Amino acid sequence: MKELKVDLGERSYPIVIGSGLLGSYDLTPWVSGSQVMIVTNETVAPLYLEKAKACFPGKQIDVVTLPDGEEHKNWQTLNLIFDGLLENRHTRHTTIAALGGGVVGDMAGFAAACYQRGVPFIQIPTTLLSQVDSSVGGKTGINHPLGKNMVGAFHQPQAVLIDTDTLETLPAREVSAGLAEVIKYGLIRTPQFLGWLEDHVDALRALDTVALGEAIYRSCECKAEVVSLDEKEGGLRAILNLGHTFGHAIETFAGYGNWLHGEAVGTGMMMAADLSVREGHISPSDKDRTNRLIRRAGLPERAPEGMTEEDFMRLMAVDKKNVDGQIRLVLLRELGDAWVTADYKPANLRATLQAFIR
């Protein structure tokens with residue numbers, strides 16, 4: 001078992017990573033009241049709900065089970081959580097526990113931010129993507145038909161419990177989607193990790209326990225550092241969105257759930273690398289190295305069929321990083337050095353979009 005800390009002063013919290021933690025690790029030190037509401041989904045509940053309950057000995061435990069899938073990350077599904085809290089008479093001293101992937105974590109966290117003006121919550125992520133990214137940092141929210149994650153709140157968890165054994169039941173496509181976010185950390189801030197990933201990507205896809213534990217730890221370490229420096233995305237934290245502006249446009253165009261988030265981000269990172277070359281930053285060989293690793297992770301290389309340049313421009317205009325109507329993108333100065341900018345040639349952006357549409 002390994003432990004990291006997200007350093008946010010009085011709101012600091014641990015990230016506990018290990019094998020066999022579900023069912024054996026006591027989470028009650030992070031539960032101040034007597035009530036716990038576990039929010040999960042219909043896929044995860046049969047696999048891990050009973051083990052998750054065992055992490056809260058002596059507490060009143062109620063459960064809300066949501067439908068599974070990104071297409072359900074909306075107001076209607078969010079309201080199921082509020083229904084469960086109210087029907088079971090949960091007070092402002094309850095703790096919400098998110099058991100599932102990124103969709104469950106985002107919605108449970110947003111519900112916690114809103115219920116009785118804010119209650120504590122705990123993240124228990126069960127997918128690679130949620131373990132290395134969405135469970136850490138306090139971003140919560142839901143999708144809107146016009147834009148992904150456009151409605152939400154910053155609400156930090158009390159603790160994050162990562163049991164790597166949950167990845168044994170993860171479909172190969174979900175593993176690849178999670179690897180997109182793992183690769184991102186190497187590209188934006190930790191170039192040595194990028195080299196490690198090139199040596200271990202096949203082992204990660206094969207769910208090698210040692211490799212997965214190392215990848216999750218190093219990814220969380222990077223994200224915890226960035227979040228500690230810039231909790232609410234005033235500057236540095238935006239680099240965590242490498243590939244996401246392109247990727248969110250892809251997800252919205254394709255229809256939520258048809259492309260996995262990590263799949264869209266993988267293509268988006270290829271697009272960001274392409275534009276970084278056109279802008280004279282990274283070298284063509286760096287772009288090729290990036291693309292090669294993303295391909296080896298099993299991620300798509302092109303936008304969805306039928307998506308046009310104008311579709312991209314229209315959908316990228318709805319992005320939280322944008323300022324005064326300018327589309328701001330995360331680009332690479334070099335591998336391991338990312339920054340956010342609106343200072344790029346429009347013709348180069350158009351050329352990148354053209355290169356990735358079918």
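Reader: By class, how many nonpolar, polar and charged residues does the lining of the largest cavity have?

Author: Start with the general idea. Rolling a probe the size of a water molecule over the atoms shows where empty space is left. Now the case here, in a predicted model. The lining of the largest cavity has 5 nonpolar, 4 polar and 2 charged residues.

Reader: How many cavities of 30 Å³ or more does a search of the whole structure find?

Author: The search finds 1. About 50 Å³ of space lies in the largest cavity.

Reader: Which elements give two or more residues to its lining?

Author: Strand S8 (147–154), H8 and helix H11 (309–316) do. H8 gives the largest share, 4 residues. Look at the lining itself: among its residues are Gly 147, Lys 148, Thr 245, His 248, Leu 315 and Asp 319.

Reader: Let me turn to helices. What span does helix H7 reach from its first C-alpha to its last?

Author: The general idea comes first. An α-helix has 3.6 residues a turn, so residues three or four places apart point the same way. Now take H7, residues 209–229. This helix has 21 residues and reaches 30 Å. That is close to the 30 Å expected at 1.5 Å a residue.

Reader: What does a side-chain oxygen of Asp 208 reach at the start of H7?

Author: The backbone nitrogen of Val 210. The oxygen of Asp 208 comes to within 3.3 Å of that nitrogen.

Reader: Where is the place of His 200?

Author: His 200 is in helix H6, residues 191–205. At 26% relative accessibility, His 200 counts as partly exposed. A polar atom of its side chain lies 2.8 Å from the backbone oxygen of Trp 196. Then compare sequence with space. His 200 and Ala 215 are 15 residues apart along the chain, and 9.2 Å separates their C-alpha atoms.

Reader: Now a strand. Which residues does Leu 329 touch, not counting residues up to four places away in sequence?

Author: Leu 329 lies in strand S10, residues 329–334. Its relative accessible area is 1%, so Leu 329 is buried. Leu 329 touches Thr 245, Phe 246, Leu 275, Trp 339, Val 340, Thr 341, Tyr 344 and Leu 349. Thr 245 also lines the largest cavity. For sequence against space, take Ala 342. Leu 329 and Ala 342 are 13 residues apart in sequence and 6.3 Å apart in space, C-alpha to C-alpha.

Reader: Last, the backbone angles. What is the phi of Arg 89?

Author: Arg 89 has a positive phi of about 55°, although it is not a glycine. Find Arg 89 in the loop between helix H2 (75–87) and strand S5 (95–100). Arg 89 is exposed, with a relative accessible area of 72%.

Reader: Where does Glu 233 lie, and what is its phi?

Author: Glu 233 lies in the loop between H7 and helix H8 (244–254). Its phi is near 60°, a positive value in a residue other than glycine.

Definitions and conventions. Residues are numbered from 1 along each chain as its sequence is written. This is a predicted model: local features need pLDDT of at least 70, side-chain atom pairs count only at pLDDT 80 or more; totals for chains, interfaces and linings use all residues. Side-chain values use heavy atoms; hydrogens and water are left out. The expected span of a helix is 1.5 Å times one less than its number of residues. A polar contact is a pair of N or O atoms within 3.5 Å; within protein, one must be able to donate a hydrogen and the other to accept it, and residues adjacent in sequence count only if both atoms are side-chain atoms. Buried means under 20% relative accessible area, exposed over 50%, partly exposed in between (1.4 Å probe, protein chains only). On a 1 Å grid over the protein atoms alone, a cavity is a set of points where a 1.4 Å probe fits but cannot get out, and a pocket is an open set with protein on both sides within 12 Å along at least five of seven lines; lining residues have an atom within 4 Å of a point. Grid points are joined across faces, edges and corners, and a volume is the space filled by probe spheres set on the points. Ala, Val, Leu, Ile, Met, Phe, Trp, Tyr, Cys and Pro count as nonpolar, Asp, Glu, Lys and Arg as charged, and the others, Gly among them, as polar. Contact means heavy atoms within 4.5 Å.
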